[in-house]
Amino acid sequence: MLNRPAHRALAFAAALSLTATLAPAAASAAGTPPGHERAAQRYADETMQSMTLEQKVGQLFILFAYGPGADTVDARNTALYGQATASDIISEYEPGGFILFSARDNITDPIQVATLSNGLQEAAMDTGAGIPMLVSTDQEQGIVTRIGSPATLFPGSMALGAGRSAKDTRRAAAITGQELLAMGIHQNNAPDADVNINPDNPVIGVRSFSSDPALVSELTAAAVQGYQHDGGIIATAKHFPGHGDTATDSHSGLPVITHTLEQWQQIDAPPFEAAIAAGVDSIMTAHIVVPALDDSGDPATLSHKIVTGQLREALGFDGVIVTDGLEMAAVRQKYGDGEVAVRAIEAGVDQLLLPAAPQEAYAAIDEALDTGRLTEQRIDESVERILKMKYNQGVIKHPTVRVDKVMNVVGKNSSLRAAEKITDRTTTLVRNDDESLPVAVEGKKVLVTGYGEVTGRTLAAELTARGAEVTALPTGTAPSAALIAQAAAAAAASDVTVVLTNGVTATSRQKELVAALDATQTHLVVAGVRNPYDINQLPEVDNFIATYSYATPALASLAKVITGEVSPQGKLPVDIESADGSGGILYPFGHGLGW
């Protein structure tokens, strides 16, 4: 997946130049001037003196619980931890952090999230150590958004890459960070610093800013500054040493990155160097094998050569290193869950995120300490970093939030307006043969079909607001022959048809859907609402718009572009190759049309 034109020889030099430019601002970006840093060190030293070894071990763990409240009883918690509620889990395990997920019933609305966060902190402060936790989540925006509306939503990293604006990227991160902090969340597992040079990447894709190392570096640094300096929360650049060139999802398999050391230095390392220069507090490891950095076959999370040798020593990062989720298949293939926890600490990791078997992980670390395999000194190194990060972020002094003040910050009008303007600058018109766009929809029958029931309904509402008579017929990503025929019949009866695509491949039924729609007399508009690469499988269509996201603001901007309300301004942040396997470029990095 190498030697693409987007990875021009100047990219690495540009990224290094950016890193050098940002270096003097690192202290202010991190928000820790010397006097405050001394106070953080004093807090860590004094706190550790009164902690038991078991309490120190607890600080290394970031756990989760099922349910919307700290005292919600859930049998799934009992099965995993032997405790029924989040409060009981915290009392028993005394973890240093807790992570929230919408898929685990932790998130319904901002008020509930703030109430949950307060309940978690109250439980933490009732433990023997009494140390507030870092509450975290994955609010990358775009396709990885844990907290939806009424929080302010953005279209995600690759859309921001299409917008080419470090200012917009920083503003988006700042707003996101401010809203998370208002809800009692202190650490965001973002930005994604991966350079996505593989169009078939199933796990990163549009979560990356770009396929260009220099652009990814610039926007990663901007996001770090937005989250930390402007937003007041901890940023976590991920996934070190770089997850952008894989066709394997590490949630279900173990990816192998075949870059040489030189290629890694030129492609994957620069964004992390830029994040470090910008003062990033935390970096997340990837569960990937990189033989050029460590030929043992161990994933990076468990590799001393990568975590300590490269990240700590070669790149000079002295902040907190957190694992990707330890429940993911990639890190569990070679060793048992307890051994994984021990090996991660041996590699140089500080925080253990989402252990698959928490009781086993705690027991394995205790045993390693008893046998001398791990030492208290090694545990102290990580605990000191974690406590200093907590102090610097502010959670030690302000562990809870004012629930009655949450909505003064979350989703306020100025933030929503900023999100709208930023998103409008990202939508990319990739193809417009015969000037088939824009198209007037007022008073016309419009069909919205293709990917996503919610997505289609959202776009339908936007077009309805512009005077169209809209029918929504979602078909998903694998429509049946009968559903394709139904959509084609509806298109034939419509003046305009908008079809939304998501992940079109050579064998995708979405290709058949688009072809059937195109064969009617409707005015067809094609929009990729995730990967911009969809267009290489659709050679016959007259137009193609890339939104990089199916988030609400992206769909609102799509409606504006379709109707000519705004001119598309985005430029492709990746190369789009032809589908014939020749490596030829159909649309190059930087391509983008307007009116």
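Which residue in E5 does asparagine 188 stand opposite? Asparagine 188 stands opposite alanine 235.

The structure is a predicted model, in which local features need pLDDT of at least 70 and side-chain atom pairs count only at pLDDT 80 or more, while totals for chains, interfaces and linings use all residues. Residues are numbered from 1 along each chain as its sequence is written, and side-chain values use heavy atoms, with hydrogens and water left out.

Helices (H or I, at least four residues) and strands (E, at least two) are DSSP runs, numbered from the N terminus. Two strands pair if DSSP finds at least two bridges between them. Eight strands form an open sheet with parallel pairing. Their order is E7-E6-E5-E4-E3-E2-E1-E8. Strand E7 (320–322) and strand E8 (352–353) are the edge strands, each pairing on one side only.

Within this sheet, strand E4 (residues 187–188) pairs with E5 in the parallel sense over two bridges. Strand E5 spans residues 234–240 and is mostly covered. Seven of its seven residues are buried, where buried means under 20% relative accessible area, exposed over 50%, and partly exposed in between (1.4 Å probe, protein chains only). Strand E1 (residues 61–63) and strand E2 (residues 97–99) also pair in the parallel sense, over two bridges. Here leucine 63 has phenylalanine 98 in E2 as its bridge partner.

Helix H10 (residues 213–230) and helix H11 (residues 261–277) form a packed pair in the sense that their axes come within 8 Å. The axes cross at roughly 20°. Axes are lines fitted to C-alpha atoms, for helices over the stretch in contact, and angles run from 0 to 180 degrees between N-to-C directions. H10 and H11 are therefore roughly parallel to each other; angles under 35 degrees count as roughly parallel. The contact (heavy atoms within 4.5 Å) involves Pro213, Val216, Ser217, Thr220, Ala221 and Val224 of H10. From H11 come Gln266, Ile267, Pro270, Pro271, Ala274 and Ala275. By class, this contact has nine nonpolar, three polar and no charged residues. Ala, Val, Leu, Ile, Met, Phe, Trp, Tyr, Cys and Pro count as nonpolar, Asp, Glu, Lys and Arg as charged, and the others, Gly among them, as polar.

Asparagine 502 lies in the loop between strand E12 (496–501) and helix H19 (509–518). Asparagine 502 counts as buried because its relative accessibility is 11%. Leaving aside neighbours within four places in sequence, asparagine 502 is in contact with Tyr451, Thr477, Gln510, Val529, Arg530, Asp534 and Tyr550. The C-alpha atoms of asparagine 502 and proline 270 are separated by 30 Å. Along the chain these two residues are 232 residues apart.

Key: Angles under 35 degrees count as roughly parallel, over 145 as roughly antiparallel, 65 to 115 as roughly perpendicular and the rest as oblique.
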